[in-house]
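Have a look at the structure first.

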Amino acid sequence: MSRAIDIIVERLGGLAPTTAVVLGSGLGPLADEIANAVRIPYGDLPGFPDMGGVSGHAGELVAGAFAGTQVLMLSGRAHYYEKGDAAAMRPVIEALAGIGITKLILTNAAGSVDPEMLPGSIMLIEDHINFSGANPLIGEPDERRFVGLTRAYDADLRASVEKAAGIAGVRLRKGVYMWFSGPSFETPAEIRMARLMGASAVGMSTVPEVILARFFGLRVAACSVITNLAAGMTGAELSHSETKDMAPVGGARLAAVLKTMFAEGLADG
Ligand code: HPA
């Protein structure tokens with residue numbers, strides 16, 4: 001792990017960002033807005049995930065100035081459903097903590113469980129339900145594994161996202177994200193259950209990263225781009241291509257929020 005940290009620190013030169021952003025589906029283009037970007041392919045970083053398989057995910061760390069503030073963006077994430085490894089992103093999160101990142105903003109694509117939260121909406125995650133049965137800290141040897149998640153989503157960072165959305169003129173929903181393992185989509189019965197349990201959106205990522213980030217002491221904010229109404233809510237079958245096609249629509253909105261957050265100095269909040 002220290003090898004990855006050493007490589008990142010060396011390639012960043014004098015850059016010392018304190019905020020990192022994980023770019024989910026539809027957010028990838030944001031990394032192209034970084035000025036004087038330093039790009040490090042995951043393949044150069046020992047322990048980082050091999051992004052070979054999934055289309056549309058580059059697998060690259062991009063750092064530089066974004067809207068006038070230093071940032072580190074992660075383009076491409078590993079999912080639990082790829083290899084059954086809930087800790088697949090552990091080397092990434094650990095390296096971020098190791099190079100001095102203190103705040104992590106996670107983004108994802110998600111299905112809406114709320115009939116009034118339509119595709120294209122942006123949802124600030126206030127809390128989550130881990131419905132996967134998996135946990136990235138299983139097997140962690142010492143008592144540090146008993147991580148408290150009462151305040152998993154940092155109140156100050158959430159307030160900053162809300163403020164940025166207000167300035168950017170983007171309507172921001174708020175809700176609970178429920179993590180299903182995937183890769184199959186949910187059934188209509190599972191979505192009815194999710195709604196009864198208090199979920200607003202469902203997805204296949206982010207939660208293990210939140211747990212890891214809290215384990216390594218990072219403050220966390222997370223936002224979903226709603227790409228579809230969840231299973232059984234329309235007559236249609238769900239598909240990954242629908243997710244990929246719809247992600248850029250809300251993605252552009254979330255990108256505007258994040259840009260405002262950095263431009264207004266709110267990412268430091
Ligand atoms: N379910 C799970 N993950 C998703 C969905 C969904 O409906 N849409 C985008 N990611």
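In this predicted model, a polar side-chain atom of Asn228 lies 2.6 Å from a nitrogen atom of the ligand. That pair is listed below with two others; a polar contact here is a pair of N or O atoms within 3.5 Å.

| Residue | Polar atom belongs to | Distance to a ligand nitrogen |
|---|---|---|
| Asn228 | side chain | 2.6 Å |
| Ala109 | backbone | 3.4 Å |
| Thr227 | side chain | 3.5 Å |

On its own the ligand has 260 Å² of accessible area, and the protein covers 96% of that (Shrake-Rupley method, 1.4 Å probe).

Some housekeeping: residues are numbered from 1 along each chain as its sequence is written. Local features need pLDDT of at least 70 and side-chain atom pairs count only at pLDDT 80 or more, while totals for chains, interfaces and linings use all residues, and side-chain values use heavy atoms, with hydrogens and water left out.

Who else is around the ligand? The shell (residues with a heavy atom within 4 Å) includes Ala110, Gly111, Phe185, Glu186, Val202, Met204, Leu238 and Thr243. By type, it splits into six nonpolar residues, five polar and one charged, with Gly counted as polar. Strands are DSSP E runs of at least two residues, and helices are H or I runs of at least four, numbered from the N terminus.

Now for charges. The whole structure has 12 salt bridges (a side-chain nitrogen of Lys or Arg within 4 Å of a carboxyl oxygen of Asp or Glu). One joins Lys259 to Glu33, with the closest N and O atoms 2.6 Å apart. This pair ties together distant parts of the chain, 226 residues apart: Lys259 is in helix 7 (residues 240-263), and Glu33 is in the loop between strand 1 (19-23) and strand 2 (35-41).

The Gly182 to Pro183 peptide bond is cis, with omega near 0°, and Pro183 is in the loop between strand 7 (172-179) and helix 5 (188-196). Ala67, a residue other than glycine, has a positive phi near 50°; its loop runs between strand 3 (60-66) and strand 4 (69-75).

Definitions and conventions: A polar contact is a pair of N or O atoms within 3.5 Å; within protein, one must be able to donate a hydrogen and the other to accept it, and residues adjacent in sequence count only if both atoms are side-chain atoms.
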